Amino acid sequence: MMKYQNSAQHNMPRTPKTPSKNKLDDIAKQVSQKLSQPKAGAAGFMGNIQNNAATPAPQQQPQANPGKKDSRPIQEVLRDVLVKAIHEHKAGNLDTAAHLYKEILKFDKNNATCLHYLGVVNKQQGKHAESIALITKALEQKPNWGDAYYNLALTYKEAKEFDKAIEAIENGLKCDGKQANLYNALSIIYHSMDEAQKGFEAADKVNKLDPTFRDAWINRGINLYRLARFDEARKAYENAIKLDPKPAEPYNNIGAIYLMRGMYSDAFPWFQTAIQLNPNYAEAHNNIATCYRQADQYGNALRHYNKSLDCVPNFIDALCNKANMLRLMGLLDEAKETYEKVIELAPEVSDNFSNYLMSLHYMDTLSQQYIYDKTREWEKMYCSNLEVKHRNSFDNDRDPDRKLRVGM
């Protein structure tokens, strides 16, 4: 089993940019009378921020003169706070960034920049409802903000509200129909909806608007793969590599094309390169393990399946492949345990349970009754009863004009 890997960056929130001095001055004018002295408990707001601090405590960075008013112009104070927040956001310190954005919003509750970026933080933390509410409020203040529509659409996509995601993209395109990133987001959304043709068409628009947009070439390749246009998909990935050879995803995806065609020796070096570029790339480890398995190198295959699961512990494809690998190696107890974990994580997939039952038949330590009970469990989970309607011979049509029909 194999899962096709999307770009790691293409659906991430757009990185916040440092606002202009004019924008910060506008913020400052609204709060200049409120911040002549730091509020009680706000030293974290004014002082240096520690990385990965959930909520910076007031005592972490004491002021040089605690009782003295901050004599700096308010514009400088706010500029420092917002720049720090954005710096922490870019560094991945989401709790710290959220704390700083909220501090600014205490003094300017309708600040579109902070509402938007705080919404992005919530999106990255998986808090979809909060993210949608914040970004929507930002758009009320700044209705023509393409980046905000972009992030709103992807948040709806992650919440599986695809119609609203598409609506957000359409609203963004009404503001500026040439924003390549919006079409790229649309390609991602259609991919999630299994609408490969529409996903390809959206990616194609990005390629025409901005041929240097690397992630759009990856999205183009993914959708072309889904359309079974494999040679075109490979060319799209090659274009992505030409634009930036460092990300691992296009190498993995080219290897996946060869793997799908059963060309394991051709697929192998692409997965190898992907792993060299990103040693913690779960998909690539899973895929290269399949190449090793086809070459009867079971030890190497198992090692890479385990590495894939080290990266993503509940990666279903790697778990399924590992269980099958253990069964082939005769490690039946471990195979049974792995199959049971797969069934727990993905009970809707009947093939997983079927493979599990197959492995049970090889285990001498299990009773026939145990295997029978598990088989009945499989039947209850996946087999639907056929409604058989018994026909009464006296229910035949008694119309005297009815003619004999041969081969009823």
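A nonpolar core is here a set of buried Ala, Val, Leu, Ile, Met, Phe, Trp, Tyr and Cys residues joined through side-chain atoms within 4.5 Å, where buried means under 20% relative accessible area, exposed over 50% and partly exposed in between, with a 1.4 Å probe and protein chains only. The structure is a predicted model, in which local features need pLDDT of at least 70 and side-chain atom pairs count only at pLDDT 80 or more, whereas totals for chains, interfaces and linings use all residues. Residues are numbered from 1 along each chain as its sequence is written, and side-chain values use heavy atoms, with hydrogens and water left out.

The largest nonpolar core comprises 46 residues, and Tyr237 and Leu360 have the most contacts inside it. Helix α12 (residues 230-243) gives the most to this core, contributing six residues; helices are DSSP runs of H or I with at least four residues, and strands are runs of E with at least two, numbered from the N terminus. Another core, of 30 residues, lies apart from it and includes Ala148, Ile188, Ile189 and Tyr190.

Glu103, placed in helix α4 (residues 94-107), is buried because its relative accessible area is 8%. The side chains of Glu103 and Lys106 are joined by a polar contact of 3.0 Å, a polar contact being a pair of N or O atoms within 3.5 Å of which, within protein, one must be able to donate a hydrogen and the other to accept it, with residues adjacent in sequence counted only if both atoms are side-chain atoms.

Among the cysteines, Cys291 counts as buried at 5% relative accessibility, whereas Cys311, at 24%, counts as partly exposed.
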